[in-house]
Amino acid sequence: MARLKRPWLYISILLFLLLLHGCSSLDYNRKPQPTVKEIKEEELDPLIVPETFIIGSTESPQLFNPLYSLDESSSQLEGMLFDGLVTVDEQLRPKPHLAEKIQQSENRLEYTVTIRRGVKFHDGKELTADDVVFTYSIPLSPDYNGERSSDFEMIESIEKLDKYTVKFRLREKDASFLPVTLSYGILPKHLLKNVQVAKLKEHKFNTSQPVGTGPFRFVKWEKNGFVELAANEHYFLGKPRIKSIKYKIVHNQEALYEQLKNGEVHYAPEIELTNVKKIKRLRGLDVQSNISHSYVFIGWNEKNELFQDKKVRQALTMAINRKAIVRKILHRQGKEAHIPETPIASIFTDEIQTLKYNRREAKKLLKEAGWEDTDRDGILDREGKDFSFTLKTNKGNVVREKVALLVQKQLKEIGIDVKTEFWEWEDLIKQISPPNWDYDALILEWSLSKFPNHFDIFHSSQREYGLNFVWWENEQADLLLSKSRKIMDESERKQIYKEIFQIIEDEQPYTVLYYPKEFRALPERLNGYIFHPKNYFYKVHEWSFSES
């Protein structure tokens with residue numbers, strides 16, 4: 001299930017992945033580490049299954065650098081390779097992680113962070129304040145060419161006070177600084193200090209030599225095949241009990257089911273509804289589920305003149321029967337959605353006026369926008385041009401493919417010709433990313449942030465190089481989105497977002513379809529597993545297997 005990741009977070013379109021190629025080399029100056037295959041079986045804890053723990057996914061990662069990755073698969077793996085100063089618990093509350101202590105000034109413009117002593121990178125070098133200052137200097141550089149800059153622009157300066165203490169000074173208060181900005185994985189200065197920031201995005205550190213402080217260290221990546229990780233025996237929270245992990249890329253959900261059935265995959269954090277019943281019948285596997293902290297949507301590319309009139313976008317939304325999607329395709333294993341935020345978020349509200357399914361009203365709006373079937377061929381036209389477009393989504397996601405076909409049928413009933421195309425994930429991402437934006441409309445899923453912040457997706461400043469890939473612009477929404485970031489009081493932020501969501505509902509840059517139910521298949525004998533709404537590998541260093 002390919003999903004986009006929200007940046008601050010980790011808003012997850014959603015998106016934007018670039019294929020990387022190697023450039024300048026790294027000098028690691030360290031002894032070679034044993035590969036996963038070299039770990040001897042007799043060295044394993046008797047409660048650990050003496051084999052590699054295999055995770056199956058239909059989504060391939062793109063790179064391993066928290067300052068540049070935007071897809072869900074890369075982010076989940078980075079969570080095992082890198083650590084941030086803070087993390088979030090299963091209730092999405094920020095907690096100190098690499099930070100031993102965080103002191104905030106009364107005006108919330110200064111944060112003094114004391115770093116844990118003795119934390120080691122995977123090559124044995126100790127993490128210090130120098131690494132923190134180095135990491136946060138990258139997205140603040142004028143040469144930074146990633147899509148994460150909005151998460152750091154509130155920082156005025158970073159100062160090293162001593163070997164283990166850093167002071168951040170902010171230009172203005174920002175509610176996302178503590179839970180989001182301070183959660184980014186820390187990079188090793190000693191390995192990257194000589195790499196130009198402009199070239200870091202394409203550096204081989206991101207694809208073949210990532211080094212962090214996380215519970216697992218990188219071993220090998222075979223593109224579109226697997227990623228191999230080995231336990232970091234010096235992890236500051238304790239040596240992982242699972243000795244090695246293979247993150248295996250599986251072609252599609254049916255193949256994933258077969259590999260779970262045959263024991264070729266042990267844990268699948270994203271299984272589709274179509275396979276849930278079959279997997280539940282497999283011996284030795286457990287299926288856990290909950291409403292996902294994500295939403296599925298149709299994005300209307302406003303660079304295409306078809307979608308520049310909000311009446312047209314409203315009509316499209318009103319012609320799509322979301323209840324039928326939830327009933328017929330999801331078999332009620334999900335929830336109809338209207339706003340781009342999930343019910344578990346602190347800013348969620350159901351107190352806005354929403355557009356309801358109404359084909360008659362949809363046709364009326366289209367007529368007001370100039371679309372009528374003047375040539376009586378069953379397709380609306382205007383100035384000699386048919387209302388026809390292509391709806392894209394990622395190949396292999398059976399649910400989204402079915403949704404696309406149902407939307408195609410529903411829109412045909414009001415005179416709109418929709419063609420569907422299903423693309424491999426990497427190809428789709430390249431098409432919709434800057435500077436291409438090569439699509440009319442698309443169905444994707446945003447995996448939402450641990451901290452609610454919609455600036456990066458909906459603010460007009462994020463159109464050309466950010467995540468506002470539908471090119472939506474609304475002056476009032478811009479003002480409110482900017483204001484919301486400075487509000488520290490949760491109830492006040494919720495009120496502002498109520499206004500934002502009402503504007504989005506009226507403008508319909510997205511047709512928000514549904515909140516999917518999330519299913520994860522895992523071994524019954526897996527101990528220490530906690531269903532975290534954002535982290536498939538939450539506290540992975542504590543996982544172990546009981547004896548059969």
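First, the ground rules. The model is predicted, so local features need pLDDT of at least 70 and side-chain atom pairs count only at pLDDT 80 or more, while totals for chains, interfaces and linings use all residues. Residues are numbered from 1 along each chain as its sequence is written, and side-chain values use heavy atoms, with hydrogens and water left out.

A word on naming. Helices (H or I, at least four residues) and strands (E, at least two) are DSSP runs, numbered from the N terminus. Two strands pair if DSSP finds at least two bridges between them.

Strand 5 and strand 6 run antiparallel, joined by five bridges. Lys 101 has Thr 114 of strand 6 as its bridge partner. The hairpin of these two strands has five residues between them. There, Arg 108 takes a positive phi near 60 degrees. At the other end of the order, strand 7 and strand 8 (residues 165–170) are antiparallel, with six bridges. Glu 159 is partnered with Lys 167 in strand 8.

Contact here means heavy atoms within 4.5 Å. On the geometry: axes are lines fitted to C-alpha atoms, for helices over the stretch in contact, and angles run from 0 to 180 degrees between N-to-C directions.

Next, strand 21, residues 510–523. How many of its 14 residues are buried? The count is 13, so the strand is mostly covered. Buried means under 20% relative accessible area; exposed is over 50%, and partly exposed lies in between (1.4 Å probe, protein chains only).

Strand 21 has several antiparallel partners. Strand 12 (residues 268–271) is joined to it by two bridges, with Ile 271 partnered to Phe 519. Strand 13 (residues 285–291) pairs with strand 21 over seven bridges, and Val 287 has Ala 521 as its partner. Strand 15 (residues 334–336) has three bridges with strand 21, and Glu 336 faces Tyr 514.

On to helix packing. Two packed helices are described by the angle between their axes and the distance between the axes.

Take helix 7 (residues 310–318) and helix 9 (residues 359–368). Their axes are 8 Å apart, and the packing angle is about 160 degrees. That makes the two helices roughly antiparallel. The cut-offs: under 35 degrees is roughly parallel, over 145 roughly antiparallel, 65 to 115 roughly perpendicular, and the rest oblique. The crossing is left-handed. That means the near helix is turned anticlockwise from the far one by less than a right angle; clockwise would be right-handed. In helix 7, the contact residues are Lys 311, Val 312, Gln 314, Ala 315 and Met 318. In helix 9, they are Arg 359, Glu 361, Ala 362, Leu 365, Leu 366 and Glu 368. By class, this contact holds six nonpolar, one polar and four charged residues. The classes: Ala, Val, Leu, Ile, Met, Phe, Trp, Tyr, Cys and Pro are nonpolar, Asp, Glu, Lys and Arg are charged, and the others, Gly among them, are polar.

The axes come within 11 Å and cross at roughly 135 degrees. That makes helix 8 oblique to helix 10. This crossing is right-handed. Ala 324, Ile 325 and Ile 329 of helix 8 meet residues of helix 10, including Val 399, Leu 406 and Gln 410. The contact divides into seven nonpolar, one polar and one charged.

Last stop, helix 11, residues 425–432. Six of its eight residues are buried, so the helix is largely enclosed by the rest of the structure. Gln 431 is one of those six. Why does Gln 431 count as buried? Because its relative accessibility is 9%. Leaving aside residues up to four places away in sequence, Gln 431 touches Lys 392, Trp 423, Asn 436, Trp 437 and Asp 438.
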